[in-house]
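Student: Hi, could we go through this structure together? I would like to ask things as they come up.
Tutor: Of course, ask away.

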Amino acid sequence: MHPTYADVKAAADRIAGHTRPVVLTPADPGTVPAPGGGQVWFALEHLQYTGSFKARGAANFMLAHQESGDLPTVGVTIASGGNAGVACAWAAGLVDAAATVFLPTAAPAVKVERLKSLGAHVMSGGAAYADAAADCERYAAATGALRSHAYDDPYIAAGAGTLLDEIVAQLPGLDTVVVAVGGGGLFTGMAVAAAHHGIRVVAAEPENCRAFNAALAEGHPVDVPIDSIAADSLGATRTSEMALTAAALADVRSVLVTDEQIIAARKLLWTNRHLPVEHAAATALAALRFGAYVPRPGERVAIVLCGGNTDTTDLLPR
């Protein structure tokens, strides 16, 4: 099962009043190429509840299951690199449900502390996301907890897709949206909505964290090695089938950037705009800043800054 645009619209109705409308701001001249009078905007989704776009999908997932009456008393469980777990715990609070979150040991401390502050039961799930996911599956089978997923769920993806509708409402002449891709939940929802609106989607990934790019090349999801500064958010070893289905619907460009470019883009956002974003968010900017995607003359582009749950100490003067 994969989401349709009708599912995105239903998600928008369901989460209205529970999530923050996205804030858009023009990029500073010279920050990114804008050939021939083109325009570039930042979509500041790192200002969303829980610090990332994940709040949208998590709220849609939780409220939809509450509507259908299938939220078990033991609550919900999820495996996450951090942001999806934080969003799940927050959304569980919307419906007074318990949340048990399995994290890989490499999850950033800032995300672990945020989870605990939301009342989540935090469990260590091995060295990698795949290990955490396996532990989460076993926990769900043993306890009857509702199994959520960081990205491979139609409710999660449809909720993420509401972001593009909000961007288009403010920028009706938009040509292209640039998003960072990990497992593919944000990409799936955005691509479904983009196909409806006739908008191009640029899917940006780190060179050594390229599950979606590899799946496109092979024609099906494949496992990839993970070694990137952005792996805490984009570190899925395999993209979802939903992402490939959505990619076939829309005009999609898959591009890769280096860790050095990601780091430079993140520092640029801090230096120029005082925007403290994750490396995943900077991945989207790096795609334009360093030429992995070159806009056409006059092209109007929105870059999604997808998350801000980050330790900013490496951005401060030493």
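Student: Is L268 buried or exposed?
Tutor: Keeping in mind that this is a predicted model, L268 is buried, because its relative accessible area is 16% and buried means under 20%.

Student: Which helix is L268 in, and what does L268 touch?
Tutor: L268 is found in helix 11, which covers residues 259-273. Not counting residues up to four places away in sequence, L268 touches T31, R273, L285 and R289.

Student: How many residues apart in sequence are L268 and T31?
Tutor: L268 and T31 are 237 residues apart in sequence, while from C-alpha to C-alpha they are 8.1 Å apart in space.

Student: At what angle do helix 11 and helix 12 cross?
Tutor: The axes of helix 11 and helix 12 cross at roughly 100 degrees and come within 8 Å, which makes helix 11 roughly perpendicular to helix 12. On the helix 11 side the meeting residues are Q261, I262, I263, A265, R266, L268 and L269, and on the helix 12 side they are H279, A282, T283, L285, A286 and R289. Sorted by class, the contact of helix 11 with helix 12 has 8 nonpolar, 3 polar and 2 charged residues.

Student: New topic: in what order do the strands of the 6-strand sheet come?
Tutor: The 6 strands form an open sheet in the order 1-2-10-7-8-9, and their pairing is mixed. Strand 1 (24-26) and strand 9 (252-257) stand at the edges with a single partner strand each, so one side of each has no neighbour in the sheet. On average, and ignoring direction, neighbouring strands of this sheet are turned by 25 degrees against each other.

Student: What about strand 7, is it enclosed or open?
Tutor: Strand 7 is largely enclosed by the rest of the structure, because 5 of its 5 residues are buried. T176, V178 and A180 point one way from strand 7, V177 and V179 point the other way, and all are buried.

Student: Which strands does strand 7 pair with, and over how many bridges?
Tutor: Strand 7 (residues 176-180) runs parallel to strand 10 (residues 300-304), and 3 bridges join them. Strand 7 also pairs with strand 8 in the parallel sense, over 5 bridges. If you follow V178, you will find I303 opposite it in strand 10 and V202 as its bridge partner in strand 8.

Student: And which helices lie across those strands?
Tutor: Helix 6 (residues 154-170) lies across strand 1, strand 2 (39-43), strand 7 and strand 10, and runs at about 140 degrees to strand 10. Helix 12 lies across strand 2, strand 7, strand 8 (200-206), strand 9 and strand 10, and runs at about 135 degrees to strand 7.

Student: How many residues are in the largest nonpolar core?
Tutor: The largest nonpolar core has 72 residues, of which I167, F187 and I303 touch the most other members. Helix 12 (residues 279-289) gives the most to this core, with 8 residues. As a general point, in soluble globular proteins nonpolar side chains tend to be buried together.

Student: What is I167 in contact with?
Tutor: Leaving aside neighbours within four places in sequence, I167 is in contact with V22, L24, A43, L174, M190, A302 and V304. There is also a second, separate core of 36 residues, which includes A79, V86, V95 and L115.

Student: Last one: what is the order of the strands in the sheet of 4 strands?
Tutor: That open sheet has the order 5-4-3-6, with parallel pairing. Its edge strands are strand 5 (121-124) and strand 6 (146-147), each of which pairs on one side only. Strand 3 (residues 76-79) and strand 4 (residues 99-103) pair in the parallel sense over 4 bridges, and the bridge partner of T77 in strand 4 is T100.

Key
Residues numbered from 1 in each chain as written. Predicted model: local features only at pLDDT ≥ 70, side-chain atom pairs only at ≥ 80, totals over all residues. Heavy atoms only, no water. Core = buried A, V, L, I, M, F, W, Y, C linked by side-chain atoms within 4.5 Å. Buried < 20%, exposed > 50% of the residue type's maximum accessible area, 1.4 Å probe, protein only. Helix = DSSP H or I, 4+ residues; strand = E, 2+ residues; numbered from the N terminus. Contact = heavy atoms within 4.5 Å. Pairing = 2+ DSSP bridges. Axes fitted to C-alpha atoms, helices over the stretch in contact; angles between N-to-C directions. Parallel < 35°, antiparallel > 145°, perpendicular 65-115°, else oblique. Nonpolar A, V, L, I, M, F, W, Y, C, P; charged D, E, K, R; others polar.
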